Amino acid sequence: MTTGKINVSVENIFPLIKKFLYSDHEIFLRELISNGTDATSKLKHLISIGETNVDYGNPIIEVKIDKEGKKLHIIDQGLGMTAGEVEKYINQLAFSGAEEFLEKYKDSAKDSGIIGHFGLGFYSAFMVASKVEIITKSYKDEPAAHWICDGSPEFSLEPADKTTRGTEIVLHIAEDSLDFLEEGKIRDLLNKYNKFMPIPIKFGTTTETLPKPEDAPEDFVAETVEVDNIINNTNPAWTKAPADLTDEDYKKFYHELYPMQFEEPLFHIHLNVDYPFNLTGILYFPKLSGDMQMQKDKIQLYQNQVYVTDNVEGIVPEFLMMLKGVVDSPDIPLNVSRSSLQADGAVKKISNYITRKVADKLKSLFNENREEFEKKWNDIKIVLEYGMLSEDKFYEKAGAFVLYPTVDDKYYTLEELKEAIKEKQTDKDGKTVVLYAGNKEQQHSYIETAKAKGYEVLLLDSPIISHLIQKIEGDNQNLTFVRVDSDHIDNLIKKDETAISKLSDEEQTSLKTVLEAIVPKQNYTVQLQALDSQSAPFIITQPEFMRRMKEMSQSGGGGMFGMGNMPEMYNLVVNTNSELATNILNNTDKTAQESLVKQALDLAKLSQNLLKGEALTAFVKRSFELIK
């Protein structure tokens with residue numbers, strides 16, 4: 001029997017591990033099963049290159065609960081350890097056996113699936129255990145070893161009577177961690193961290209009834225047998241070649257990842273690259289709501305099929321974090337507890353690759369079946385528009401597939417749109433004017449007015465559209481976007497014929513004086529305009545620049561533009577060719593005149609959803625008085 005001290009530099013290393021290194025105690029199970037997977041993968045690799053001729057068999061990793069004995073067992077059938085290797089790999093804290101193995105066999109071990117990197121992983125066991133035992137027998141013809149440690153630097157190491165190859169870790173669960181002896185708790189952890197590990201993981205057994213033979217007698221009693229309950233899928237979809245998967249396979253895997261998600265994904269993108277880094281994965285475009293924050297943290301990050309986190313910030317471009325799926329890479333630089341990314345140039349390369357791959361896939365989908373792509377546009381647009389704003393590389397490619405829908409459900413690319421409107425929608429400076437609505441219902445009257453004049457009106461209703469059109473205008477100097485209820489479109493777009501006012505210049509001056517005396521100056525600028533008789537008498541518009549800057553400040557750009565407290569300023573456009581304008585001008589009863597103006601102004605406000613609270617109550621009361 002050997003006794004000694006673990007080779008650590010400080011006496012209180014275990015409390016440090018428990019308190020600081022691994023902040024989340026539950027990951028001990030992930031680490032110990034990862035070690036078992038490593039040991040099994042190493043053995044398979046050694047056999048494949050002729051280093052040993054032992055029988056690999058069909059190894060599994062087994063997790064067993066001994067509730068009465070307050071013990072948790074993790075058992076593998078990997079290559080095991082000799083007493084000397086236990087001394088080296090366990091007692092010399094933070095010496096990573098996986099790293100040494102990879103170095104020794106670096107030319108042949110590239111694809112052997114060894115997790116590596118984490119020499120402290122085994123010691124996470126002491127977060128939940130008051131004592132830990134290792135009972136191990138090497139694949140080599142050497143005696144088994146039994147290591148025991150109670151969480152202090154003291155350990156014992158002696159021969160064991162284990163006769164089968166592999167390692168058994170026995171955790172004597174501490175009193176403050178007894179919940180880890182509950183079957184439901186362990187099952188949840190296995191499903192969270194080990195659902196796609198490459199080695200089968202057994203947790204308990206299930207009972208199966210054998211099928212009844214065709215020639216069985218009537219009194220035949222079917223036999224029941226116990227079978228291992230394997231809880232993981234060792235060959236998940238992302239580890240396979242795209243050519244070997246059908247659309248149905250991708251959908252099935254989506255529901256395996258998200259069993260409570262009943263809607264089908266819109267489409268998927270399979271990631272597969274081995275240079276200049278290793279990366280596999282599948283990203284799914286789900287149907288998205290307008291709330292970008294609610295969608296995040298749905299992509300799962302794995303490292304050699306070991307679940308790490310659902311916080312993929314830095315690896316997956318921010319605009320794609322609203323997607324769902326899996327990203328797996330052995331090259332992701334994590335800290336020792338795998339809880340966060342370390343700054344590394346490879347991370348940016350991975351992010352850039354994913355951006356490019358997604359853009360290429362979207363372009364392909366657009367070209368292959370534009371009609372289907374258009375049907376899905378409203379469900380994916382928020383991601384793509386956000387991508388155009390946040391990723392220059394994505395923006396450069398987006399022109400080939402990003403769509404601009406009209407209120408009549410026609411879809412244009414930007415180049416198609418410019419070509420369609422360049423002759424009929426230009427302003428006095430020769431710029432092409434893109435009219436758009438932000439809300440089809442609220443801006444209905446403005447849309448109808450524009451359509452009656454033959455103009456095309458887009459429907460751009462995402463919460464970040466003001467930021468995006470600012471960027472598009474910056475890259476297209478001869479293009480300007482104007483919301484359909486902004487400064488009246490007849491002020492912006494050249495017309496071959498200009499409407500003539502029924503009122504003389506003198507009458508218009510008098511009318512404006514009357515209106516300005518009644519309409520609140522702090523919020524409205526009165527403008528007289530000769531419009532056709534079909535136009536509303538009073539129309540409220542908002543200066544395009546002021547409205548857009550206010551929208552941008554409200555959606556996150558306030559600090560950038562310094563306009564977080566911009567006043568509400570509007571234009572009141574009065575149609576001098578309307579009968580109401582004439583009635584107001586000719587009414588000699590000042591009270592009646594004021595009532596007409598206020599009623600017309602409130603109606604205009606109502607159409608813009610600006611009439612609320614006390615003002616709305618007064619309007620309703622006044623309206624009932626008028627119809628008595």
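A salt bridge here is a side-chain nitrogen of Lys or Arg within 4 Å of a carboxyl oxygen of Asp or Glu. By that rule the structure holds 23 salt bridges, and one of them, between the side chains of Glu62 and Lys202, makes a handy place to start, at 3.5 Å from N to O. Glu62 sits in strand β2 and Lys202 in strand β8, so this pair ties together parts that are 140 residues apart in sequence. Side chains of opposite charge can pair when their charged atoms come close.

Before going on, a word on the model. It is a predicted one, where local features need pLDDT of at least 70 and side-chain atom pairs count only at pLDDT 80 or more, while totals for chains, interfaces and linings use all residues. Residues are numbered from 1 along each chain as its sequence is written, and side-chain values use heavy atoms, with hydrogens and water left out. As for the element names, helices (H or I, at least four residues) and strands (E, at least two) are DSSP runs, numbered from the N terminus.

Back to β2 and β8. Strands of a sheet pair through backbone hydrogen bonds, either parallel or antiparallel. In what follows, two strands pair if DSSP finds at least two bridges between them. β2 and strand β8 (residues 201–209) run parallel and are joined by two bridges. Glu62 has Lys202 as its bridge partner in β8, and Ile61 stands opposite Ile201. So what does β2 do with β3? Strand β2 (residues 61–66) pairs with strand β3 (residues 71–76) in the antiparallel sense, over six bridges. Ile65 finds its bridge partner in Leu72 of β3. The hairpin of β2 and β3 has four residues between the strands, and Lys70 takes a positive phi near 55° there. β8, for its part, also pairs with strand β9 (residues 224–230), antiparallel and over six bridges; Glu208 stands opposite Val225 of β9.

Five strands make an open sheet with mixed pairing, in the order β10-β11-β14-β12-β13. At its edges are β10 (267–273) and β13 (306–309), each pairing on one side only. On average, neighbouring strands in this sheet are turned by 20° against each other, direction ignored. (Axes are lines fitted to C-alpha atoms, for helices over the stretch in contact, and angles run from 0 to 180 degrees between N-to-C directions.) Within the sheet, β11 (residues 279–285) and β14 (residues 324–328) run antiparallel and share five bridges, with Ile282 opposite Val326 of β14.

There is also an open sheet of three strands, ordered β20-β22-β21, again with mixed pairing. Its edge strands are β20 (524–529) and β21 (538–541), which each pair on one side only. Here neighbouring strands are turned by 25° against each other on average, direction ignored. β21 and strand β22 (residues 570–575) run antiparallel, joined by four bridges, and Phe538 has Val574 as its bridge partner in β22. Which helix packs on this sheet? That would be α15 (residues 505–518), which touches β20, β21 and β22 and points about 155° from the direction of β20. Contact, here and below, means heavy atoms within 4.5 Å.

That leaves two helix pairs. Two packed helices are described by the angle between their axes and the distance between the axes. Take α2 (residues 28–48) and α5 (residues 183–193): they pack at an angle of about 65°, with axes 10 Å apart. Leu29, Arg30 and Ile33 of α2 make the contact with Ile186, Leu189, Leu190 and Tyr193 of α5. Sorted by class, those residues are six nonpolar, no polar and one charged. For the classes, Ala, Val, Leu, Ile, Met, Phe, Trp, Tyr, Cys and Pro count as nonpolar, Asp, Glu, Lys and Arg as charged, and the others, Gly among them, as polar.

The other pair is α17 (residues 579–586) with α18 (residues 590–607), at about 150° and with axes 9 Å apart. α17 and α18 are therefore roughly antiparallel to each other (angles over 145 degrees count as roughly antiparallel, under 35 as roughly parallel, 65 to 115 as roughly perpendicular and the rest as oblique). Their contact brings Leu580, Ile584 and Leu585 of α17 against Gln593, Leu596, Val597 and Ala600 of α18. By class that contact has six nonpolar, one polar and no charged residues.
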